Amino acid sequence: TALLVLLTAINVGNLLLGRAIDRRRELAIRRSLGAGRGRIVRQLLMEGTVLTALGLGAGLVVARFGSRWIVQLFVEDPVVAASSIASPRVLLFGVVLAAVAALVLNGVPFVHVLRSQREGLVVRGDFGRAVQRGLVTAQAALATLLLVSAALFVATVDGLRQVPLGFEPDGVAALQLSPPADRVASTEASRPWSERLVADAQALQGVEAAGLVARLPLRDRQLSAGVNLESNPVDPREAPKAAMHRVAPGFFEVFRLEVIEGRAIEPRDVALDSPSVVVVNRALAEQLWPDGGAIGQRLAIDPHAWNRFVPVVGVVEDMRAGDLSGPIEPAFYVSLAEQPSMEMTLVVRGEESAASLGPRLRALVGAVDS
């Protein structure tokens with residue numbers, strides 16, 4: 001943005017410099033009629049200020065409607081509102097850029113006029129023409145840099161849009177929750193409202209599946225934990241690391257994660273009197289058991305219970321949860337009910353758009369626990 005503003009300012013400043021060169025005779029006549037240097041500078045300053053104000057107003061109007069269009073390039077139904085032009089930060093940013101642009105716009109013509117007056121007003125335009133050539137050169141260089149950067153940015157965005165995610169994002173709405181500490185102090189405290197929330201969301205008309213996740217893939221950085229195998233126990237400092245996803249039943253259906261072997265986490269796995277289970281992704285299964293046979297293996301997770309081994313009940317397809325570049329990291333899934341978190345997101349797959357489903361989900365959360 002700053003580069004584009006600078007390029008535009010140089011362009012307009014060059015035009016104003018050319019105009020100032022052409023106005024040398026007019027300024028000479030004004031000086032001969034008694035206009036002082038200060039008065040001429042004030043006139044030029046007022047002209048530049050008016051142009052800057054008009055440019056700032058036009059820029060804010062374009063930003064008002066252009067921001068929506070930019071957001072819609074990436075999602076059909078944007079669920080994140082663009083900042084209003086009335087926002088103090090947006091206005092401050094625009095005013096600062098306008099001030100910088102005004103300095104560039106008015107600075108070069110002022111120097112030319114003052115130099116011309118100091119040398120007798122009616123002088124040759126060699127200095128002004130030399131400055132113009134320098135500005136044109138700078139403008140061409142910046143335009144080339146901006147064009148190359150824009151081309152690379154577009155190619156990067158297009159390439160990232162083609163990266164397989166491992167899950168289907170279309171049709172998914174995500175609602176970030178902020179439960180108080182007492183609601184997630186223990187499994188007994190979190191289960192009643194979280195299970196009701198998922199069940200009520202599942203019962204909404206047009207909703208295909210609903211679930212909970214502690215950290216939303218591709219938005220929040222996933223926690224990493226060591227993995228200890230019962231068949232080959234190791235020291236915690238030497239254990240292989242994997243990303244830990246804390247999810248509630250329904251998460252796999254919402255994200256349409258393919259179960260390669262075994263099963264996903266089910267409601268029966270979060271009962272207080274049932275043993276814990278874990279689901280691993282393909283990358284972790286191939287790392288720990290390259291010859292296959294992950295189902296039924298037992299592992300423990302650092303730092304919660306290094307010597308408490310739980311069975312692997314399923315292997316799911318890999319999905320990108322951290323970023324869109326590089327290899328997919330090994331990961332495992334555990335029950336969110338066993339490890340309640342103040343970081344929690346309700347995820348829902350429905351027939352409606354996320355924008356229209358959002359208000360219904362917010363009302364649902366308030367009804368479950370205001």
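Where is Leu-54 found? Leu-54 sits in helix α3, residues 37-72. Here are some notes to go with the model.

1. **What you are looking at.** This is a predicted model, in which local features need pLDDT of at least 70, side-chain atom pairs count only at pLDDT 80 or more, and totals for chains, interfaces and linings use all residues. Residues are numbered from 1 along each chain as its sequence is written, and side-chain values use heavy atoms, with hydrogens and water left out.

2. **Overall make-up.** The protein has 9 helices and 10 strands; helices (H or I, at least four residues) and strands (E, at least two) are DSSP runs, numbered from the N terminus. Of its 370 residues, 38% count as buried. For that label the relative accessible area must be under 20%, while exposed means over 50% and partly exposed lies in between (1.4 Å probe, protein chains only).

3. **Contacts and surface.** Among contacts with a separation of 6 or more, 77% come from residues 24 or more positions apart; a contact means heavy atoms within 4.5 Å. The protein exposes about 20,600 Å², and carbon and sulfur atoms supply 59% of that area. Accessible areas come from the Shrake-Rupley method with a 1.4 Å probe, and for residues only the protein chains shown count as cover.

4. **A nonpolar patch.** Back to Leu-54: together with Met-46, Val-50 and Leu-51, Leu-54 forms a nonpolar patch on the surface, with about 380 Å² of accessible area for the group. Patches are made of residues with over 30% relative accessible area and no salt bridge, like charges being joined within 9 Å and nonpolar side chains (Val, Leu, Ile, Met, Phe, Trp, Tyr) within 5 Å. Leu-54 has a relative accessible area of 57%, so this residue is exposed.

5. **Strand β6, covered on both faces.** Val-278 and Val-280 lie on one side of β6, Val-279 and Asn-281 on the other, and all of them are buried. β6 pairs with strand β9 (residues 331-335) in the antiparallel sense over 2 bridges; two strands pair if DSSP finds at least two bridges between them. Within this pairing, Val-280 stands opposite Phe-332 in β9.

6. **Asn-281 at close range.** Asn-281 belongs to β6, which spans residues 278-281. Its relative accessible area is 2%, so Asn-281 counts as buried. The Asn-281 side chain reaches the backbone nitrogen of Ala-331 at 3.0 Å. Leaving aside residues up to four places away in sequence, Asn-281 touches a set of residues including Val-315, Val-316, Ile-328 and Pro-330.

7. **Salt bridges.** How many salt bridges does a search of the whole structure find? The search finds 11, each being a side-chain nitrogen of Lys or Arg within 4 Å of a carboxyl oxygen of Asp or Glu. Side chains of opposite charge can pair when their charged atoms come close.

8. **Glu-208 and Arg-256.** These two residues form a salt bridge, with their closest N and O atoms 3.2 Å apart. The pair links distant parts of the chain, 48 residues apart: Glu-208 is in strand β2 (residues 207-213) and Arg-256 is in the loop between α7 (251-255) and β5 (259-262). Both are partly exposed, Glu-208 at 45% relative accessibility and Arg-256 at 44%.

9. **Arg-298 and Glu-230.** In this salt bridge the closest N and O atoms are 3.1 Å apart. Arg-298 lies in strand β7 (residues 298-301) and Glu-230 in the loop between β3 (223-229) and β4 (241-247), so the bridge ties together parts that are 68 residues apart in sequence. Arg-298 is partly exposed at 33%, and Glu-230 is partly exposed at 40%.

10. Between Arg-183 and Asp-182, the side chains meet at 2.8 Å, N to O. Arg-183 is partly exposed, with 27% relative accessibility, and Asp-182 is partly exposed, with 48%.

11. **Backbone angles worth a look.** Leu-218 has a phi near 70 degrees, a positive value in a residue other than glycine. Leu-218 lies in the loop between β2 and β3 and is partly exposed at 34% relative accessibility.

Technical notes: A polar contact is a pair of N or O atoms within 3.5 Å; within protein, one must be able to donate a hydrogen and the other to accept it, and residues adjacent in sequence count only if both atoms are side-chain atoms.
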